[in-house]
Amino acid sequence: MKYVDEFRDGKLGAKIAASIRAEADPKRHYSFMEFCGGHTHAISRYGIADMLPDNVHMIHGPGCPVCVLPVGRIDQAIELASRENVTLCTYGDLMRVPASKRRSLLQAKADGSDIRMVYSTLDALKIAEQEPERRVVFFAIGFETTTPPTALAIKVAAKKKLKNFSVFCNHVLTPAAIQNILESPDVRELGTVQLDGFVGPAHVSTVIGTQPYEYFAEEFHSPVVVAGFEPLDMIQAILMLVRQVNAGTNLVENEFSRAVKRHGNEHAKRDVADVFELRKTFEWRGLGEVPYSALRIKDSYSEFDAERLFSMTYVPTPDNPACDCGAILRGVKKPTDCKLFGTACTPDTPMGSCMVSSEGSCAAHWTYGRFRDEDKADNNKARA
Amino acid sequence: MKYVDEFRDGKLGAKIAASIRAEADPKRHYSFMEFCGGHTHAISRYGIADMLPDNVHMIHGPGCPVCVLPVGRIDQAIELASRENVTLCTYGDLMRVPASKRRSLLQAKADGSDIRMVYSTLDALKIAEQEPERRVVFFAIGFETTTPPTALAIKVAAKKKLKNFSVFCNHVLTPAAIQNILESPDVRELGTVQLDGFVGPAHVSTVIGTQPYEYFAEEFHSPVVVAGFEPLDMIQAILMLVRQVNAGTNLVENEFSRAVKRHGNEHAKRDVADVFELRKTFEWRGLGEVPYSALRIKDSYSEFDAERLFSMTYVPTPDNPACDCGAILRGVKKPTDCKLFGTACTPDTPMGSCMVSSEGSCAAHWTYGRFRDEDKADNNKARA
Amino acid sequence: MNNMKTRKAKLDIKSGRVNLTHGAGGRAMNDLIEVIFKNAFDNDFLAQGNDQSAFDVGEGRMVMSTDGYVITPMFFPGGDIGSLAVHGTVNDVALSGAKPLYLSAGFIIEEGFPLADLKRIVDSMGAASRAAGVPIITGDTKVVNKGMADGVFITTAGVGVVPKGLELSGDKARVGDKIIVSGTLGDHGVAVMSKRENLSFEVEIESDSAALHTLIADMVAGHGAALRCMRDPTRGGLAATLNELAEQSNVGMCIREADVPLKPQVVAACELLGLDPLNVANEGKLIAIIAPEAADDLVALMRAHPLGQDAAVIGEVVADERNFVRMKTAFGGERMVDWLSGEQLPRIC
Amino acid sequence: MNNMKTRKAKLDIKSGRVNLTHGAGGRAMNDLIEVIFKNAFDNDFLAQGNDQSAFDVGEGRMVMSTDGYVITPMFFPGGDIGSLAVHGTVNDVALSGAKPLYLSAGFIIEEGFPLADLKRIVDSMGAASRAAGVPIITGDTKVVNKGMADGVFITTAGVGVVPKGLELSGDKARVGDKIIVSGTLGDHGVAVMSKRENLSFEVEIESDSAALHTLIADMVAGHGAALRCMRDPTRGGLAATLNELAEQSNVGMCIREADVPLKPQVVAACELLGLDPLNVANEGKLIAIIAPEAADDLVALMRAHPLGQDAAVIGEVVADERNFVRMKTAFGGERMVDWLSGEQLPRIC
Amino acid sequence: MCLAIPARVKERLGDDMAKVDLDGVLKDISIALTPDVVEGDYVIVHVGYALSVIDPEEAQKTLALFDEMQAAGALAAVTS
Amino acid sequence: MCLAIPARVKERLGDDMAKVDLDGVLKDISIALTPDVVEGDYVIVHVGYALSVIDPEEAQKTLALFDEMQAAGALAAVTS
Ligand code: SF4
Ligand code: SF4
Ligand SMILES: [Mg+2]
Ligand SMILES: [Mg+2]
Ligand SMILES: [Mg+2]
Ligand SMILES: [Mg+2]
Ligand SMILES: [Mg+2]
Ligand SMILES: [Mg+2]
Ligand SMILES: [Mg+2]
Ligand SMILES: [Mg+2]
Ligand SMILES: [Mg+2]
Ligand SMILES: [Mg+2]
């Protein structure tokens with residue numbers, strides 16, 4: 001795979017890792033947050049943690065759209081799917097997310113709701129066209145990457161005058177979330193979370209560019225490297241951050257210049273602007289209400305807005321109090337800090353959303369990384 | 001089973017059979033038509049033919065509602081069942097009746113139409129109530145016994161204001177059919193069919209009484225015995241007919257006086273009269289167009305008339321030209337006279353309607369009686 | 001954090017439902033198998049956890065049989081799809097004269113099926129298998145999308161070992177042989193039909209679903225040399241079975257209606273529905289064809305077994321190249337007993 | 001009027017569809033069995049027409065296995081549900097080291113299923129069984145109402161005989177043993193997924209569906225004494241199989257990503273869908289655990305067989321009470337290889 | 001024509017329905033066409049409806065008629 | 001965030017669709033967000049849409065940067 005295999009070269013990776021070890025100042029700690037769940041997944045899948053020196057830490061950020069979706073929104077989707085003639089289309093990752101009352105979309109499907117996994121909004125449109133007697137609702141989630149496809153689907157539906165297609169919009173914005181984290185007491189006042197820099201997700205920046213990060217970098221004195229998802233991209237970004245910290249700079253660097261421009265994809269941004277507008281506020285799981293952090297469908301496309309079409313109302317639902325997802329998403333805790341991790345909560349019996357998506361911190365750690373904890377436990381035992 | 005077992009007493013039967021053998025004049029032939037398929041079935045199932053002397057013949061009449069329904073009506077039902085949201089309810093016997101283009105309701109069901117077997121019009125009503133989104137059509141066939149239940153179902157639907165229930169009415173009348181046979185050239189002019197008397201179906205007479213037969217008995221000089229369906233009833237009716245022929249009388253006798261009155265069931269007749277009116281003419285398979293021989297739904301219940309509701313049009317369809325059902329229903333031929341009998345046409349691969357219902361002459365003979373033909377064939381072979 | 005291995009599976013058996021993860025080959029499926037299947041079937045073969053089970057056999061002749069079970073409703077008076085799936089296949093193995101040894105079981109489950117019902121079925125299956133002494137030693141589970149199956153389908157296969165020298169087969173009926181039935185006919189079909197929503201009637205009759213192998217073992221021990229063949233009159237009833245055997249052996253059969261054992265409720269239910277009891281399914285009865293001289297002794301022996309109490313000679317094998325099955329009616333006539341045509345649809349008019 | 005016995009069954013195979021009469025135990029069912037099944041499977045056992053089939057065995061150890069096949073779509077590049085139902089069960093029998101002898105087959109067919117498709121499936125099954133030399137000796141057919149199944153489900157069971165002294169089992173992996181895979185992984189899953197309507201992509205890859213028993217026979221003949229166990233990584237893929245074996249043997253496993261044979265198209269398809277090839281199903285591959293000293297010889301021997309050309313040692317059994325399966329990533333890190341959680345739903349975001 | 005069978009009215013259920021008993025087989029049927037039946041009556045049941053009520057005396061008479069026939073038959077058998 | 005992968009545009013299909021090739025795996029995707037792609041371009045594919053076009057020169061530069069790192073790393077490895 002061109003543009004993939006070159007960026008998975010383990011020998012190059014080992015050497016970049018050696019540079020990190022060489023350049024990281026042994027007298028200090030480096031804490032970087034990879035905002036995006038995709039990066040979390042890549043770190044785990046390629047075992048990148050093993051290659052970093054002890055004083056370079058990666059903190060898993062809230063950039064997993066499944067993890068940040070509050071339970072109440074899943075409840076709404078389940079309720080919607082139970083209505084007559086409704087076909088709910090969703091990306092696969094959402095199927096198993098635990099909702100209220102021990103339910104999930106998968107369970108709702110088993111109970112008889114017509115819920116279908118789609119790969120693309122194009123599939124949802126096709127279903128709407130092929131089954132005119134069904135009211136097809138696309139359960140839209142995701143950051144800036146999935147938003148343009150949703151915008152286009154709505155525009156196509158409008159052009160084709162599809163009367164049976166609508167969107168339950170839950171699109172959220174990366175910069176707003178990062179700003180929220182940087183402004184949080186943990187980071188800003190209490191200093192309980194040390195954050196020396198961010199790895200920004202390249203795919204989001206293919207759409208929005210690197211420019212939106214320039215404000216934070218300056219305002220919060222935080223370097224940002226926009227990086228790709230291959231392991232070399234990731235480890236290279238870490239090296240770039242180490243160097244910025246060492247140099248005391250707060251720049252926005254673009255590691256993924258091969259597909260990211262400063263201003264992103266103008267076509268995509270225009271489509272999004274045509275169809276969506278900012279919500280005043282939106283609840284994020286873990287972060288709470290975040291102002292101007294999500295999108296809603298504009299009035300001019302209101303006939304495709306499932307929230308209006310089906311008079312859906314949002315009832316906030318408290319998270320499972322034992323679940324530490326919130327703190328984990330803000331970088332305050334690690335998965336292993338949660339009492340439920342690996343006991344009550346596993347990917348097969350997820351108690352919180354971070355355990356569902358393979359991009360969730362808890363799931364990634366459980367699936368790919370928990371042998372390290374066990375090793376430590378064994379070591380402790382051996383020492384004791 | 002009280003009122004059943006007493007009437008299946010083989011010893012009594014043997015003695016009545018002995019009376020028939022004793023009283024039948026060996027110098028003449030007695031040909032009686034049992035009008036009703038139920039009697040045909042009983043004769044076959046109990047092996048009554050074996051108990052009659054050679055000069056007493058039973059001719060199987062057209063009294064099987066499945067057999068007389070023309071192919072075009074089944075085609076209509078299949079077409080109707082293919083329409084959106086239609087659920088067609090039908091008595092089981094109709095499922096396998098061959099329609100045009102090698103189709104049948106069973107095949108239409110296999111192809112995806114929603115066709116359900118019901119035991120009673122009550123079941124069809126229940127389906128309509130329980131599944132308001134379906135347009136439930138009851139495919140009504142039968143003589144005077146099944147007509148009152150259909151009438152009542154329509155009245156109940158009207159009372160309950162069921163908007164999704166209707167009836168595709170194919171109810172036909174026994175006296176009209178008997179009259180048609182008696183007036184046919186075969187019987188009246190050509191004399192190719194000898195008819196010395198009729199066994200009238202008791203169940204029809206529980207509703208209409210014996211009185212409607214009085215006209216024929218007189219007009220056509222034909223004795224009629226209204227008889228039950230147990231073997232003793234049947235064989236007793238034959239004895240009664242033999243005696244009338246011997247005595248030269250043309251009376252309407254009531255063998256089933258235990259449940260048949262001269263004027264039948266007034267309640268039932270009133271319900272039928274409330275809902276139905278005579279059709280000017282109706283096509284019978286085998287008999288062709290027979291005037292005033294069937295019922296249609298009155299204007300006052302037109303909203304329950306599937307023919308009007310769905311703008312159904314009847315297209316007469318020619319029978320399979322090789323099938324002798326028509327002649328068999330008129331008593332002109334026997335099943336074994338048909339070239340297809342037992343070769344191309346069996347109950348598993350019926351070519352004509354008489355091979356479908358177990359009350360059809362061909363099916364009854366195939367299922368219960370064909371060993372006799374074979375024996376004769378063997379005897380012939382042995383003789384040759 | 002405890003060891004994954006010791007983590008307790010979380011199956012909400014009371015109100016949970018089967019979902020697609022239970023068939024996906026992952027941990028959830030493993031949980032389902034551990035909690036529901038292995039517990040219920042409880043034997044060392046399954047416990048080993050291999051994809052096949054091994055057992056020792058002596059030199060000789062073995063038989064193998066399989067049947068799928070798709071019955072609606074799944075629970076009926078006298079049994080359920082689980083016990084039926086054991087009895088049916090144990091019987092098909094045993095009817096060759098074999099001692100049934102082991103069963104396999106394949107489950108196809110519809111997404112959304114209640115775990116409580118699944119457990120009830122599987123437990124019943126385990127109980128039937130233990131009662132019969134024929135363990136379920138290997139199995140398989142698949143889960144299909146909602147609407148792609150009807151609750152649960154079970155396919156069992158069985159193997160058994162045939163006593164030396166015994167060779168029963170449907171082609172061995174000879175003219176003059178006697179036809180024996182082990183008890184009343186139609187009980188299973190009527191019990192099941194009584195619970196069908198669209199036919200609903202009430203009757204105090206239970207399915208005869210039973211494993212016949214102990215009765216068969218007695219029959220083989222007592223009269224193995226005289227026995228020609230045995231078969232269970234399941235789908236299609238006595239009529240289908242006799243016609244099959246007549247064709248296989250190229251003979252005719254002649255039975256007497258008056259001698260066919262029938263419960264009055266079965267007769268009544270069949271009258272009501274327009275069915276012939278000879279076409280109705282049985283799940284704990286057998287038909288045996290035997291040399292005439294041994295017939296009465298065999299019936300006596302069968303009657304001594306709880307599953308053969310109503311055993312009776314109902315007719316004889318006759319010469320008939322057309323392989324017709326005929327019946328002297330109780331009323332005094334004669335008729336054929338033919339295959340069921342089409343599905344057994346209640347006759348209305 | 002001719003004899004019923006000689007009447008030709010009238011199955012309109014070209015455009016006909018299965019209906020409920022084909023499962024009702026009457027003549028129509030008999031026709032279906034004669035025309036479609038007996039012709040395709042064509043062996044003396046079935047031809048006898050009994051409800052079970054008999055065969056002779058020598059004294060020894062036998063195995064039995066079963067699997068249900070519910071695959072969508074039913075026809076896929078490199079096979080179909082029919083050939084798969086033969087290969088899968090032949091493999092499960094053979095992986096114990098046994099020589100597969102006989103199969104049973106149970107069909108559950110949805111009303112309305114095209115007879116032409118049924119014939120194609122059954123013919124393919126017959127061909128696969130003949131090619132494998134493992135006849136289908138007994139079977140069963142059920143027809144369920146439209147909407148109560150998804151076309152055709154097939155459950156096969158198989159029996160085989162184990163060479164004397166051979167006792168392979170999943171609990172026999174020992175620390176230091178080598179883990180061998182017989183070829184490239186994920187081919188079956190990717191080939192099937194490429195034909196799923198909702199995932200549609202094009203790829204020139206065929207299912208690896210194959211009967212592995214001849215490869216296995218070579219392996220057993222050559223290195224039976226050193227072999228610990230074999231298993232086929234079907235549902236859940238390599239990851240599930242290694243985790244199963246690790247738990248059964250109470251060991252850990254450590255494999256090397258770089259040594260796992262994968263076709264580039266499989267890697268690409270998995271990237272596109274967000275799947276891990278280690279979770280993807282195979283139907284013609286096996287995992288063998290073997291004493292270290294024999295591993296290289298075994299791989300050489302396997303590579304001489306057409307079904308083992310890409311055989312490779314991919315890792316070792318290690319001591320680990322937690323029974324973790326770990327993998328050295330090609331990039332240089334390490335990670336766990338866990339059971340698949342939930343269904344393998346393509347990861348989108 | 002058509003399948004019909006005599007069954008005993010075991011219980012009137014209201015709403016024109018009754019439970020009938022045929023040798024231990026119970027079924028709910030409509031008695032809308034025979035509104036005057038009382039428990040213990042035998043009715044002719046057809047497609048879920050009672051079509052008419054059996055008159056026990058007439059039934060007895062019919063059986064007596066068979067007896068007469070039987071006598072005649074017996075006679076016939078003797079004389080033929 | 002989110003799964004995305006570079007694939008080669010094999011053929012423009014009209015109607016804003018294109019067939020892309022990823023090592024022999026072909027898939028039809030929307031190019032409505034990258035309307036100017038030409039056959040042979042590599043695009044970043046995400047949920048069935050091309051999000052952006054890969055600039056081969058920039059990709060080369062990045063790999064060159066890694067080489068530089070590698071040099072630095074090698075140096076570091078020697079000196080550490
Ligand atoms: S382990 Fe489970 S309960 Fe704990 S924080 Fe993670 S998702 Fe929440
Ligand atoms: S045998 Fe068949 S074709 Fe011939 S008359 Fe009877 S129904 Fe018609
Ligand atoms: Mg069987
Ligand atoms: Mg069986
Ligand atoms: Mg299996
Ligand atoms: Mg269902
Ligand atoms: Mg059997
Ligand atoms: Mg198996
Ligand atoms: Mg298997
Ligand atoms: Mg069977
Ligand atoms: Mg279907
Ligand atoms: Mg296996």
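Colleague: Which protein donors does the magnesium ion (ligand 3) have, and what makes them donors?

Modeller: Bear in mind that this is a predicted model. The donors are C:Thr66, through O, and C:Asp92, through OD, and they lie 2.4 to 2.7 Å from the ion. The cut-off for a donor to magnesium is 2.8 Å, so both qualify. Water is not among the atoms, so the site may look incomplete.

Colleague: Where do C:Thr66 and C:Asp92 sit in chain C?

Modeller: C:Thr66 is in strand 2 (residues 60-69) and C:Asp92 is in helix 3 (residues 81-94). They're 26 residues apart, so the pair links distant parts of the chain.

Colleague: What does C:Asp92 coordinate?

Modeller: C:Asp92 coordinates both the magnesium ion (ligand 3) and the magnesium ion (ligand 4), which are 4.0 Å apart.

Colleague: Moving on to ligand 1, what makes up its shell by class?

Modeller: Eleven nonpolar residues, one polar and one charged. Among the 13 residues around ligand 1, A:Cys323, A:Cys325, A:Cys338, A:Cys345 and A:Cys362 come nearest. Cys counts as nonpolar here, so those five go in that class.

Colleague: How do you know that no contact joins chain B and chain F?

Modeller: Contact means heavy atoms within 4.5 Å, and the closest C-alpha atoms of chains B and F lie 32 Å apart. Chains C and F have no contact either, with their closest C-alpha atoms 22 Å apart.

Technical notes: Residues are numbered from 1 along each chain as its sequence is written. Chains are lettered from A and ligands numbered from 1 in the order in which they are written. This is a predicted model: local features need pLDDT of at least 70, side-chain atom pairs count only at pLDDT 80 or more; totals for chains, interfaces and linings use all residues. Side-chain values use heavy atoms; hydrogens and water are left out. A residue is near a molecule or strand if one of its heavy atoms lies within 4 Å of it. Donors are N, O and S atoms within 2.8 Å of the metal (3.2 Å for Na, K and Ca); water is not among the atoms, so sites may look incomplete. Helices (H or I, at least four residues) and strands (E, at least two) are DSSP runs, numbered from the N terminus.
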